[in-house]
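Here is a short briefing on one protein chain. Look at the structure first, then read the points by topic.

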Amino acid sequence: MTVPPLESAPHPPLGRLDPHATSVRTDADYVGIPFCERCGTDEFVYLESFVPAKHRRDGSVSKLGEVAYFCSSCEDFSAHAVPASWVPPGWYLG
């Protein structure tokens with residue numbers, strides 16, 4: 001595998017990153033609500049942690065929320081990003 005020289009790599013003007021550039025997501029980046037794939041339900045899901053989404057001043061999402069949880073029925077564990085509008089039932093910022 002040949003690596004191109006650094007001077008041939010594209011660079012943003014003046015070495016600055018575009019603050020509005022969208023990040024590229026991969027297949028490994030799953031975004032969804034907590035749900036046990038093995039059991040096919042969210043009935044036995046217990047949240048371990050929840051980090052809400054972060055927003056810019058203009059209201060756009062800068063970082064998706066994250067959740068970690070386990071299923072008490074099959075004892076499966078999962079952690080992934082959640083949609084920006086999702087919050088745990090009964091959760092409020094206060």
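**Aromatic pairs and the fold around them**

The model is predicted. Its protein has zero helices and five strands.

**Overall make-up**
- From the N terminus on, the elements run β-β-β-β-β.
- The protein has 94 residues, and 18% of them count as buried.
- The protein exposes about 7,800 Å². Carbon and sulfur atoms supply 56% of that area.
- Take the contacts between residues at least 6 apart in sequence: 46% of them join residues at least 24 apart.

- Three strands form an open sheet in the order 1-4-5, and the pairing is antiparallel.
- Strand 1 and strand 5 (77-82) are the edge strands, so named because each pairs on one side only.
- Neighbouring strands of this sheet are turned by 20° against each other on average, direction ignored.
- Strand 1 and strand 4 run antiparallel and are joined by six bridges.
- Ser49 has Ala68 in strand 4 as its bridge partner.

**The two aromatic pairs**
- How many aromatic pairs does a search of the whole structure find? The search finds two.
- Tyr46 and Phe70 form a stacked pair, with 5.9 Å centre to centre and 25° between the planes.
- Tyr46 lies in strand 1 and Phe70 in strand 4, so this pair ties together parts that are 24 residues apart in sequence.
- Phe70 counts as partly exposed, at 29% relative accessibility.
- Phe50 and Trp86 form an edge-to-face pair, with 5.7 Å centre to centre and 80° between the planes.
- This second pair links distant parts of the chain: Phe50 is in strand 1, Trp86 is in the segment after strand 5, and they are 36 residues apart.
- Is Phe50 buried or exposed? Phe50 is buried, with a relative accessible area of 17%.
- Trp86 counts as buried too, at 18% relative accessibility.

- In soluble globular proteins, nonpolar side chains tend to be buried together.
- The largest nonpolar core here has nine residues: Cys36, Val45, Phe50, Val67, Tyr69, Cys71, Cys74, Val82 and Trp86.
- Strand 1 (45-51) and strand 4 (65-71) each supply at least two residues of this core.
- Strand 4 gives the most to this core, with three residues.
- Leaving out residues up to four places away in sequence, Phe50 touches Glu66, Val82, Trp86, Val87, Pro88 and Trp91.

Methods
Residues numbered from 1 in each chain as written. Predicted model: local features only at pLDDT ≥ 70, side-chain atom pairs only at ≥ 80, totals over all residues. Heavy atoms only, no water. Core = buried A, V, L, I, M, F, W, Y, C linked by side-chain atoms within 4.5 Å. Buried < 20%, exposed > 50% of the residue type's maximum accessible area, 1.4 Å probe, protein only. Helix = DSSP H or I, 4+ residues; strand = E, 2+ residues; numbered from the N terminus. Contact = heavy atoms within 4.5 Å. Pairing = 2+ DSSP bridges. Axes fitted to C-alpha atoms, helices over the stretch in contact; angles between N-to-C directions. Areas by Shrake-Rupley, 256 points an atom, 1.4 Å probe, with all protein chains shown as cover. Phe/Tyr/Trp six-rings, centres within 6.5 Å; stacked < 30°, edge-to-face > 60°.
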